[in-house]
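Hi,

Here is the structure I promised to pass on. Have a look at it first, and then read my notes below.

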Amino acid sequence: MKMELVWFGDRPAHKRKNYDDPAMQAFWQSARTAGIDIREKLNERAASLNDNVPAAVGVPTVNFNVGTNAGGGGGHAWYEWGIPGNGQDEGKRVYRMILMGLMAAGYHTSDGKVVPPLVSPKGNRTTEELYK
């Protein structure tokens, strides 16, 4: 394994072109399974989020908060300042995040069955195509 650090530049605003990718399917299904933050429609405008860089090079990704928006805090991280939020909802959001990871990565069940990953290996990703 080899890692090379490359300056990517500022986080480019990203507008999702495909709402049917595996990350979105895990996002929708995990909300229904966990019973939290169920939405029928997503905002489709471009936004600057922490997942802009992987999204810009084609990595299926979603961005959501684990914490409850508490007194204006929690917009950037679940531990951001603010009055403590609703612990029961935050627990459901953590459960949802775990479900999304299991769906994306695949897992073995206790009875020996294998649930395959939603996402197969994607190969090398570079930013060269973005800046030609």
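Which helix gives the largest share of the nonpolar patch? That would be helix α3, residues 87-105, with four residues of the patch. (Helices here are DSSP runs of H or I with at least four residues, strands are runs of E with at least two, and both are numbered from the N terminus.)

Before the rest, some ground rules. This is a predicted model, where local features need pLDDT of at least 70 and side-chain atom pairs count only at pLDDT 80 or more, while totals for chains, interfaces and linings use all residues. Residues are numbered from 1 along each chain as its sequence is written, and side-chain values use heavy atoms, with hydrogens and water left out.

Back to the patch. Its members are Val94, Met97, Ile98, Leu102 and Tyr107, and together they have about 410 Å² of accessible area on the surface. Areas come from the Shrake-Rupley method with a 1.4 Å probe, and for residues only the protein chains shown count as cover. To join a patch, a residue needs over 30% relative accessible area and no salt bridge; nonpolar side chains (Val, Leu, Ile, Met, Phe, Trp, Tyr) are linked within 5 Å, and like charges within 9 Å. Isoleucine 98 sits in helix α3 and is partly exposed, because its relative accessibility is 48%. For that scale, buried means under 20% relative accessible area, exposed means over 50%, and partly exposed is in between (1.4 Å probe, protein chains only).

Now the charged pairs. How many salt bridges are there? The count is three, taking a salt bridge as a side-chain nitrogen of Lys or Arg within 4 Å of a carboxyl oxygen of Asp or Glu.

Aspartate 37 comes out as partly exposed, at 29%. Aspartate 37 also has a positive phi of about 55 degrees, although it is not a glycine.

In another salt bridge, arginine 32 meets glutamate 40 at 3.4 Å, N to O. Arginine 32 is partly exposed at 40%, whereas glutamate 40 is exposed at 66%. Aspartate 111 and lysine 113 form a salt bridge too, with their closest N and O atoms 3.8 Å apart. Aspartate 111 is exposed at 54%, and lysine 113 is exposed at 54%.

Lastly, the inside. The largest nonpolar core has six residues: Met24, Ala26, Phe27, Trp28, Leu42 and Met100. Four of them come from α1, which gives the most to this core. (A nonpolar core is a set of buried Ala, Val, Leu, Ile, Met, Phe, Trp, Tyr and Cys residues joined through side-chain atoms within 4.5 Å.) Leaving aside residues up to four places away in sequence, methionine 100 touches Ala23, Ala26, Phe27, Ser30, Val62 and Phe64, where contact means heavy atoms within 4.5 Å.

Cheers
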